[in-house]
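Please open the model in your viewer, with the sequence panel beside it, and follow the stops below in order. Each stop says what to select and what to look for there.

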Amino acid sequence: MYQYTEEQLNSMKKVEATRKERTANLFRRMTAEEKQSVLQEYHPDYIEGAYETLKVGKNKGGKVLHELASLLQGKSRIHDYKIDLENPNYDVDVLVIGGGGAGSSAAITADDNGAKVMIVTKLRIGDANTMMAEGGIQAADKPNDSPAIHYLDAFGGGHFAAKPCLLEKLVCEAPDAIRWLNDLGVMFDKTEDGTMVTTHGGGTSRKRMHACKDYSGAEIMRTLRDEVINRGIPVVDFTAAIEIIKDSNGNAAGAVLLNMETGEIKVAKAKTVVIATGGAGRLHYQGFPTSNHYGATADGLVLAYRAGAKLMYPETLQYHPTGVAEPTQIFGALVTEKVRSLGAQLVNKDGEPFVYSLETRDVTASTIIRECKGRKNSVKTTDGEGVWLDTPMIDQINGEGTIEKRIPAMLRMFIKYGIDIRKDPILIYPTLHYQNGGIDIKANGESEDVGNLFVAGEAVGGIHGKNRLMGNSLLDIIVFGRNAGKFASAKVKEGIEVGTLTLDHVDAFEKELKDAGVDTGIVSPKLLPDYTRKDM
Amino acid sequence: MENMVNVYLFGKQYKVPKSLTIMKAMEYAGYKLIRGCGCRNGFCGACATIYRIKGQTALKTCLACQQQVEEGMYVATLPFFPLVKQVYDIQKIKPTEQIMMQLYPEIYSCIGCNACTKACPQSLKVMQYIAYAQRGEYENCAEESFDCVMCGICSSRCPAGISHPQVAILARRLYGKYIAPKCEHLLERVQEINDGKFNDDMLDIMNKPLEEQKALYNTREIEK
């Protein structure tokens, strides 16, 4: 049994006491006005003091969080090294930067098209947010559903800000993405006649969340990784891209690579480059904990920005409503939305519900912050405060054994610390989860600004607008990963003459910084966070 | 300092807060991790670790991000383990008993010691799923191994040299692709989209003025 405090135990009893009543009478949904008001008052994206104006680059005049601004306007790492652009160590058709779900999908698809592909990744292939996505992947493949209904759910959930041509692609290619994965051997949850087991996610109007228990992302990622290796696609691991190389025509034409362990520099020349570097949770915006993997440091945004790409909605982040608040050992870790899809409610310290369980993520997170900071109805935790997620409701509603069968990873994660989520509720608080914004691309996956630079996955901006629905991220890494692989390799086939390789754009960017009087004193991309103790 | 414990990272002693995981204890001690650290959340298998508590004989295994430190813990991480991964074309192989025999014949050398199962940080019945693989029972092997994070600890303990996680992923891919029931509604929907059945629908919704889109969204029917 976990050592809860007296206050926590007393509060837990109140949660138990109201469970029956709450199960019978669900909390109502919010109106559009109520949602807007709670977002404005409590969502972290609306805290002006956390932002600053960019002084250089394509987004000059736009606002981003301080942590990102210091990296986007940081100093290049290349000054520390002697770089020989004339004798590249690698020469490929498609250089994929990033070994997650998007990068792997892009590489497999480009390989299908006969291109010479190489993946570079600063950790191992599969060390990515994809691996950690638990809940599922959306696709409108049931008779009562359609791409248009999926479109409306995602468009509205993202506050009508998505780039329509990207969202259109996302929803229309979703069923084929599932088919592709299934064909590679991904084990989706199905009934005996092959019907997909699908559930709701926050903000969905149809049950279109496909899952592989609560290891959805892991199952997809390990399958893609296996496929990359089977095909013999070279994976250069523990090697980070620290700068995009351009050619004399102004197009992307490779990357400067840094061996993370030995410090050795290599040069990769490529006809096309795919940035699939993922998100930014490890920047810990506004001091939030994160559900992201160790390497989520927005590197791709920094590389692309310096190369002249514009970012779309870089100011919008997703704070997942349910990060672990207790136990402290897994503070910030993700509690999948599927827990709420299966019926668990959010309740405050007095056992009172305060929000319908499946509002969109930004709204739900805002109501939790309101319950804690505004209404002072939170429970104190080791690292701060939180509210309850009433997990025992799941087996009560769906029958005993549901938790064990449908969310085994959650059960395992807590039981290690003596918390049985089948019997007791858990304490949660929002955690930094997803980078809604990113590099602005065309429907073919190519940067709007830099030729031959393709982007896929979380590094893309605009697919989801200003908030993303559960299950649309696993979907987007597959759809836009395949998309980038397809169009990057097609462009290679059409014929690309790479000009003389150059890093002049880095010098030009730094001159711009100097002229604007910006010196953040920070070297970027960040590559990895630093969690070593500082008071030694 | 009652909240501190002594841990021995690769044999060297450090005092660390006892609330920490092994991974955070290493960082507290000053290690800036490159290898042996991935998702930090029990899904990626990057931080396989072995340890022994001072004065005890039992060798224990865990994921460093998921295990709290204890007094007298001697820790060695296993950031890489040379698993044998055979390559195959998933489109060409078939879910026969022979395929396992061809690709991973060493599984038939299992001596039944169960060291793999005892070592699994995910508490999987590893030896059992290998037995299923030996018999070509891929559905059972797939289900039993489903929560595998491919950390390789099982293989590090195996006297027969079996690469259990690689056997398991082969079984899962065979099951997912060939044995699990086909999903008809999925294939139909893909066909309908390819045939352009939803094109008008999409144009209709995308071309509406924003206010109409908003109204539609706010009044849309939600499946129970």
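Predicted model: local features only at pLDDT ≥ 70, side-chain atom pairs only at ≥ 80, totals over all residues.

Residues are numbered from 1 along each chain as its sequence is written, and chains are lettered from A and ligands numbered from 1 in the order in which they are written.

**The interface between the chains**

Select the contact between the two chains, where two residues are in contact if their C-beta atoms, placed from the backbone, lie within 7 Å. Chain B contributes 61 residues and chain A contributes 67 residues. On the side of chain B that touches chain A, two or more residues come from each of helices H1 (22-29), H7 (164-179), H8 (184-194), H9 (199-207) and H10 (210-218) of chain B; helices (H or I, at least four residues) and strands (E, at least two) are DSSP runs, numbered from the N terminus. That side of chain B divides into 32 nonpolar, 12 polar and 17 charged residues, where Ala, Val, Leu, Ile, Met, Phe, Trp, Tyr, Cys and Pro count as nonpolar, Asp, Glu, Lys and Arg as charged, and the others, Gly among them, as polar.

**Chain B, by domain**

Next, colour chain B as domain 1 (4-77), domain 2 (97-179) and domain 3 (184-214), bounds that come from an automatic or database domain assignment. The centres of domain 1 and domain 2 of chain B, taken over C-alpha atoms, are separated by 27 Å, and 8 residues of domain 1 of chain B are in contact with 7 residues of domain 2 of chain B. On the domain 1 side of that contact, S4(B) gives the most, with 3 residues, and the residues of this side divide into 5 nonpolar, 3 polar and no charged.

Stay with S4(B) (residues 60-63), which pairs with strand S3 (residues 48-53) of chain B in the antiparallel sense over 4 bridges; two strands pair if DSSP finds at least two bridges between them. Ile50(B) has Thr61(B) as its bridge partner in S4(B). S3(B) and S4(B) form a hairpin with 6 residues between them, and Gly55(B) in the turn has a positive phi of about 90 degrees.

**Chain A, by domain**

Turn to chain A and select domain 1 (6-30 + 318-432) and domain 2 (93-316 + 436-504), whose C-alpha centres lie 30 Å apart. Their contact takes 25 residues from domain 1 of chain A and 27 residues from domain 2 of chain A. Among the elements that each supply at least two residues of the domain 1 side are strand S14 (317-324) and helix H12 (361-374) of chain A, and S14(A) gives the largest share, 4 residues. The residues of this side divide into 10 nonpolar, 9 polar and 6 charged.

Select helix H8 (residues 174-184) and helix H16 (residues 472-494) of chain A, which pack at an angle of about 85 degrees with their axes 9 Å apart. H8(A) is therefore roughly perpendicular to H16(A), a term for angles of 65 to 115 degrees. Show the side chains of Ala174(A), Ala177(A) and Leu181(A) of H8(A), and of Leu475(A), Ile478(A) and Val479(A) of H16(A), which make the contact; these residues divide into 6 nonpolar, no polar and no charged.

In chain A, 3 strands form an open antiparallel sheet in the order S6-S8-S7. Strands S6 (137-138) and S7 (198-199) of chain A stand at the edges, each with a single partner strand, so one side of each is left without a neighbour in the sheet. Thr199(A) stands opposite Met209(A) in S8(A).

**Backbone details to finish**

Select Glu326(A) and Pro327(A), which a cis peptide bond joins with omega about 5 degrees; Pro327(A) is found in the loop between S14 and H11 of chain A. Finally, centre on Ala298(A), a residue other than glycine whose phi is positive, near 60 degrees. Most residues other than glycine have a negative phi, and most peptide bonds are trans.

Terms used
Axes fitted to C-alpha atoms, helices over the stretch in contact; angles between N-to-C directions. Parallel < 35°, antiparallel > 145°, perpendicular 65-115°, else oblique.
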